[in-house]
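User: I have a few quick things to check on this one. Can you take them as they come?
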Amino acid sequence: MASYETEHAADAPQSNQTRRPDMSSLYSLISEITPERPEQRTRQHAVPVPGDVSAAFRGLAEAFQVMQRDNENADSDLLQELISNLLSTAERPPTEVKGVDEEYIAKLERVNIKKVKKDAECPICGNEFSEDLYPLLVRLPCHETHVFDLECIRPWLLLNGTCPLDRVDLAKKERERKQKQLEEIKKNAAPEDEEEEWDGLYG
Ligand SMILES: [Zn+2]
Ligand SMILES: [Zn+2]
């Protein structure tokens, strides 16, 4: 009987069409430079090294270029634009990476493959979602039609935090939401101030 590994190795050529470049080393680099989880960095409390930031942006550009080269569906102007964008950021790396964190990615709305049009495709890799053996789709909160393969949009969002289609700055919105939440908590934790206000009203 074939083992799990050999079975899957035998499957590999058929799933070539939707195969994406291996991004595991890119993800560990991204976790080094994103500001949200400083405790996960090996160099704790350090501002990200500009060279690391450059390498991450260049790494994703290269992964997208591999996609562009090996996948005939990945010939969109959008993908080309994302690559140019990543390369120019790599040239002039920002001091802080303003993407979203993994927690945000984990909370993105998952979309059932049965709920999208039969021929709907991922705007990044150009593959039809239905061609994927194990489709894992997410919808961005900016627009109901902005649906992507999770693994295509994840690295982009971690680094840039924007929707590639309409450039809505999701990371900024999330930072604002968290800030507001923090202010709410502070407000609720200071009942004395509120009492004074009430006294003023009825006094
Ligand atoms: Zn995709
Ligand atoms: Zn969008």
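User: Asp101 first: buried or exposed?
Analyst: Asp101 has a relative accessibility of 7% in this predicted model. The cut-off for buried is under 20%, so Asp101 counts as buried.

User: Where is Asp101 in the fold?
Analyst: Asp101 sits in a loop, with helix H4 (77-91) on one side and helix H5 (102-107) on the other.

User: And which backbone atom lies 2.9 Å from a polar atom of its side chain?
Analyst: That is the backbone nitrogen of Tyr104.

User: Switching to helix H2. Which of its residues are buried?
Analyst: H2 covers residues 24-33, and its buried residues are Leu26, Tyr27, Ile30, Glu32 and Ile33.

User: What covers them?
Analyst: The cover over the buried residues of H2 includes helix H3 (50-70) and helix H6 (150-160).

User: What kinds of residues line it?
Analyst: The lining of the second largest pocket has 6 nonpolar, 5 charged and 1 polar. Among the lining residues are Lys115, Lys117, Glu121, Arg139 and Glu144, along with Phe129, Thr145 and Leu165.

User: What about confidence: what is the mean pLDDT?
Analyst: The mean pLDDT of the protein is 85, with 78% of residues at 70 or more. Residues 1-17 have pLDDT below 50. In the model, that stretch makes 5 contacts beyond its near neighbours in sequence.

Conventions. Residues are numbered from 1 along each chain as its sequence is written. Chains are lettered from A and ligands numbered from 1 in the order in which they are written. This is a predicted model: local features need pLDDT of at least 70, side-chain atom pairs count only at pLDDT 80 or more; totals for chains, interfaces and linings use all residues. Side-chain values use heavy atoms; hydrogens and water are left out. On a 1 Å grid over the protein atoms alone, a cavity is a set of points where a 1.4 Å probe fits but cannot get out, and a pocket is an open set with protein on both sides within 12 Å along at least five of seven lines; lining residues have an atom within 4 Å of a point. Ala, Val, Leu, Ile, Met, Phe, Trp, Tyr, Cys and Pro count as nonpolar, Asp, Glu, Lys and Arg as charged, and the others, Gly among them, as polar. pLDDT is the predictor's confidence in each residue, from 0 to 100. Contact means heavy atoms within 4.5 Å. Helices (H or I, at least four residues) and strands (E, at least two) are DSSP runs, numbered from the N terminus. Buried means under 20% relative accessible area, exposed over 50%, partly exposed in between (1.4 Å probe, protein chains only). A polar contact is a pair of N or O atoms within 3.5 Å; within protein, one must be able to donate a hydrogen and the other to accept it, and residues adjacent in sequence count only if both atoms are side-chain atoms.
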